Amino acid sequence: MNNRYILLAADIVSWVFTPFYMPTIAFIVLLMFSYLKALNPGYKIAMILLVYLFTVLFPRIMIYIYRRINGWTKHQMSRRERRYVPYTISIICYSALLFIMETFHMPHFTSAIVAAALLIQVICAVVNNWIKISTHAAASGGVIGMLFAFSIIFNFNAINWLALCILLCGCVCTARMILRQHTYREIIFGVLIGIASGCGAVIVL
């Protein structure tokens with residue numbers, strides 16, 4: 001009975017903190033703690049909605065359709081050799097969003113968030129040739145990396161938020177291992193890729 005509840009909790013954590021939400025969460029943090037908080041509330045809501053559509057709703061719908069066409073369960077589609085199409089879908093959606101943001105000259109650091117998320121997807125897709133990287137871990141690490149970079153650039157104390165993000169990252173990684181979706185090595189590689197990509201994209205771009 002206890003194992004059943006543990007598995008249920010792990011499944012809920014994995015669902016709530018799906019990688020698709022990483023850019024949206026990063027946007028919310030940026031709009032709360034940077035100079036962008038002075039933007040018109042309606043404009044900020046529109047930005048978050050745009051990000052949500054292209055990084056959460058559209059990819060999830062298309063991946064769901066792809067999975068249903070093949071008759072696979074979520075667990076069956078998580079096999080390394082079946083992850084290329086979901087990666088491709090996410091990369092196309094993220095690239096389209098980045099193109100829209102650059103076309104309409106949206107604030108620079110908002111584009112950096114999408115670029116970081118896109119970079120994580122591309123690296124995970126490439127590394128997938130050899131190892132099944134945990135995109136949950138990579139996304140969680142990406143939030144940590146971006147938050148750290150933004151705290152340096154905008155000179156604000158992010159200790160509490162970093163502690164919270166690290167704690168949540170640990171919960172997500174633990175959940176993925178409990179569900180036997182990834183090994184310890186796949187989790188560690190994911191977190192490191194996420195932190196490096198998130199921090200590097202914000203600082204460099």
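How much space lies in the largest pocket? About 850 Å³. This is a predicted model, where local features need pLDDT of at least 70, side-chain atom pairs count only at pLDDT 80 or more, and totals for chains, interfaces and linings use all residues. Residues are numbered from 1 along each chain as its sequence is written, and side-chain values use heavy atoms, with hydrogens and water left out.

A pocket is an open set of points on a 1 Å grid over the protein atoms alone, where a 1.4 Å probe fits, with protein on both sides within 12 Å along at least five of seven lines. Lining residues have an atom within 4 Å of a point. Points are joined across faces, edges and corners, and the volume is the space filled by probe spheres set on them.

**Largest pocket.** It has 25 lining residues; F20, K74, M77, H136 and R176 are the closest to its centre. Helices (DSSP runs of H or I, at least four residues, numbered from the N terminus) build much of the picture. α1 (2–16), α3 (41–70), α4 (74–77), α5 (84–103) and α7 (135–153) each supply at least two lining residues. α3 gives the largest share, four residues.

**Second largest pocket.** Its space is about 240 Å³. Of its 18 lining residues, F17, I25, V143, C165 and L168 are the closest to the centre. α2 (22–33), α7 and α8 (159–178) each give two or more. The largest share, six residues, comes from α8.

Here are the linings by class.
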